[in-house]
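Notebook open, structure loaded. I went through the pocket and then the strands, jotting things down as I looked them up.

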Amino acid sequence: MEMLVFQDIVTIFVLAIFVLLVCNRFNLPAIVGFLLTGTLCGPHGLGLVAEAHLVEMLAEVGVIFLMFAIGVEFSLEKLSRYKAAVLGGGSIQVLLTIALVTGLSLLRGLDFNRSVFLGFLAALSSTAIVLSLLQERAEADSPYGRFTTAVLIFQDLAIVPMMLIIPMLAGVSGSLTQTVLLLAAKMAGVFALVFVCSRWVVPFVLGQVVRTRSQVLFMTTTLGLCFSIAYLTYALGLSLSLGAFLAGVIVSESEYSVNALGGILPFKDVFVSFFFVSVGMLLSLGFVAAHPVLVLVATVVILALKALVAWLSSVIMGRSGRSAIISGLQLSQVGEFSFILASVGLGAGLIPEQGYQLFLAASVLTMLCTPFLFSLAPAVADRAMQWPWLRDRAVFRRKDIAEPSGEKLRDHLIISGFGLGGRNIARAAEVAGIPYVVLDVNAETVAREREAGRNILYGDASFEEVLHHADVEAARVLAITVSDAAGARRIVDLAQRINPSLHIIVRTRFHTEMRDLYDLGADEVVPEDLESSMELFSRVLARYLVPRAEVERFAEEIRAEGYGCFLEECHEPPSPLIKLGRFSDMDLSIFTICPQAPLDGRTLEEAALRKEHGLTAVAVMRGEELHRNPDGRFRLQREDQVYVFGERREITAKAWLFTRPVCEEQP
């Protein structure tokens, strides 16, 4: 038995390697490769895997890790900002989908209970696939990425009442009121536990663990917390994924969240791959071959219906037309938890075997289409927004917010996007006395910031009418901070054509976007990935005691020549812009004098730091007072922080002077 399990794992990995190589050759996403791997090795394909149940268990672990990682990247404060989108957008999407599918099923002659059940199956989208793609494409913080994430969170919450209602639809359960009250009590208890643990219990426990300086113990504690809370929610009749997500939220409130996330990510990537393989194993190639037209029609209908409902829910929540279209396409597939609901419904008699196979085949195909829909979504949205009725609604849907106040601006700054980057630019403009106007498509943000007195308009800057509203013809600078790469390109192109003298500065996530943005008319492009490299290398140079002026000159030269020496395309070794001086082997370190250390109570002259040990004390911090360039009569005391300059090897070798008791003093 054990060898069969090991054999199955080896088979999956070996087959996945070859399939992923083929997918990479044709630029297909890795998710497609894992789904195809599962289809090939599953019971309906080549039958290479004997213990399919084991793969499903590993897949469940993958979903747990994924949801935990998502929870760590969130926080209670961030969730509170999402509450409108979660409760509003999520509930609209789920309820509209259920209502629409139920109505269509009733027209087809199904009874009410079975129609509602089909609505449950269609209402859920794939958390694992969508969030993985959002993270992979760095779109999680884009306007549509935030809305999509919020809807997925609500869907995961909605699974719980769906599971409780299915027995009632099958006629094997009792009072609806009792069921709802029991569910409310469970949810209230779980969220109370999350609040208490996130505020007091987990930070204290992790603090004690961190003091041991044992990375193994820290990771064991983190994993134990993740699985414990996931099991607790499962024992209460809720989902494992919801518990894992809540565990991540709890950890996110501590100062150790980044370390926890870094340790989880390698596990997540491995186990999530098993999830995609397990989904692929559900697809029956025989059923698809026997009913190709039926499966294809069902797939197209599901994708179209779900995209339409998700788009409508996004529009109702005040999102821009373009953002709503992209969110709709991203949420158009069937979710992994629908398979669980379908198996429960099959056992309860709510769906026949033939219908179950049709649902599985169409659902897996919608998942296979998802990576391609992600890639096509920006282009589809751009094309759709050329339709006048969509464009007009997107630009002026909220007249009360979109109208600017006061006289027309001149020589001002336009900020597109009011995330962290846009907010910091606005603050800097306020300090410098620069007139500015902000354009953003988040209606809640616009309303809140207008109340705070900021000159902010609701509108999508990729539309000419919105830019005219912001007086782009008279502006001096346009700063684009949106997270949507395709949207940023549209804004640059449009703004440059309207006002050729406008100085356009664009923030982009990846340096691969730089060439397109410059070609469209951007004057400056700030790639986050290369700027972070620049900052890291500047700090490296500082540690080698390169003068600050030289470091700044180096950074400016790198930026001026387009970050060439940082790019992979640069095959020739760059000529050295900085030559390390004679002090490259020197260092500046800080030591705290411990009680009874050799330097405790001695003057610098008595200690003979420079004469006998080759070290120079350049400053001493005593309490809140800093003593610069202390002379030989300065007497050192315990708890003094001494700034020591010297050769790196000498500093390392003479550290005992500051820390070791006199009885351990070296000769």
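This is a predicted model: local features need pLDDT of at least 70, side-chain atom pairs count only at pLDDT 80 or more; totals for chains, interfaces and linings use all residues.

Started with who lines the largest pocket: H4 (76-107), H7 (143-169), H14 (321-330), H19 (420-432), strand S2 (436-440), H20 (443-451) and H22 (485-498) each supply at least two residues. Helices (H or I, at least four residues) and strands (E, at least two) are DSSP runs, numbered from the N terminus. H4 gives the most to this lining, with 7 residues.

Residues are numbered from 1 along each chain as its sequence is written, and side-chain values use heavy atoms, with hydrogens and water left out.

Next I looked up the pocket's volume, which is about 1100 Å³. Of its 46 lining residues, Asp141, Arg146, Phe418, Gly419 and Asn442 are the closest to the centre. For the record, a pocket is an open set of points on a 1 Å grid over the protein atoms alone, where a 1.4 Å probe fits, with protein on both sides within 12 Å along at least five of seven lines; lining residues have an atom within 4 Å of a point. The volume is the space filled by probe spheres set on the points, which are joined across faces, edges and corners.

Then the parallel strands. I found S1 (413-416) joined to S4 (477-480) by 4 bridges, with Ile414 opposite Leu478. Two strands pair if DSSP finds at least two bridges between them. S4 and S5 also pair in the parallel sense, over 4 bridges, and Val477 stands opposite His503. The chain gets from S4 to S5 through H22, in a right-handed β-α-β crossover (clockwise from the first strand over the helix to the second, with the strands pointing away from the viewer).

S5 (503-508) runs parallel to S6, again with 4 bridges; Val506 has Val525 as its bridge partner. Here the chain crosses through H23 (514-520), and this crossover is right-handed.

Last stop: an open antiparallel sheet of 4 strands, in the order S7-S10-S8-S9. S7 (586-592) and S9 (625-628) are at the edges with a single partner strand each, so one side of each has no neighbour in the sheet. Inside, S8 (616-622) and S10 (641-647) pair over 5 bridges, and I see Met621 opposite Gln641.
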